[in-house]
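This report covers selected local features of one protein model. Please look over the display below before reading on.

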Amino acid sequence: MSKAPWNSKELTVGQLSERSGVAVSALHFYEAKGLIVSRRTAGNQRRYSRDTLRRVAFIRLAQRIGIPLKTIKDALAELPEERTPTREDWAKLSAAWRTELDDRIEQLQRLRDDLTDCIGCGCLSLDRCVLANPFDRLGDEGPGARRIDTRLSPASSCASC
């Protein structure tokens, strides 16, 4: 692969992949989802502006902390003229995501703490399942599994457990 000069204004998809550490297929996926953009040459080859490197780094970091791509896309769309995020943008966006991350951490801690009472079979109609069916409330709806979203059934102290 040919190396782009460090100050090259545009990068090929291969150069962007090499510089960002992101697979070409992932870059194509990001583009298809509207997270990054390229222009096409006369030979129909993709060319990315150099600042796409920062945008890809932003996307990867946000993904790494658990932010869904849809949320990342919405955040990037809020930037003026969909420009590349700055340090200030990251501070603002990450502060907004903090509540969502705190909620997820709480859910995971609750799952961890209640895991010993769960036999993991998927049958959520058990009367002892404090993870998804405290007090066997879902048993009133009939037999079989009903749901597993712990946000809908927060852990509680069950006297019969």
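## Basis

This is a predicted model, in which local features need pLDDT of at least 70, side-chain atom pairs count only at pLDDT 80 or more, and totals for chains, interfaces and linings use all residues. Residues are numbered from 1 along each chain as its sequence is written, and side-chain values use heavy atoms, with hydrogens and water left out.

## Sheet

Three strands form an open sheet in the order β1-β3-β2, with antiparallel pairing. Strands are DSSP runs of E of at least two residues, and helices are runs of H or I of at least four, numbered from the N terminus; two strands pair if DSSP finds at least two bridges between them. At the edges are β1 (10–11) and β2 (39–40), each pairing on one side only.

Strand β3 spans residues 46–49 and runs antiparallel to β1, to which two bridges join it. Opposite Ser49 in β3 stands Glu10.

## Arg55 in helix α3

Helix α3 (residues 52–64) contains Arg55. Arg55 counts as buried because its relative accessibility is 9% (buried means under 20% relative accessible area, exposed over 50%, partly exposed in between; 1.4 Å probe, protein chains only). A polar atom of the Arg55 side chain lies 2.7 Å from the backbone oxygen of Leu35.

## Asp74 in helix α4

Asp74 belongs to helix α4 (residues 69–77). With 35% relative accessibility, Asp74 is classed as partly exposed. The side chains of Asp74 and Lys70 are joined by a polar contact of 3.0 Å. A polar contact is a pair of N or O atoms within 3.5 Å; within protein, one must be able to donate a hydrogen and the other to accept it, and residues adjacent in sequence count only if both atoms are side-chain atoms.
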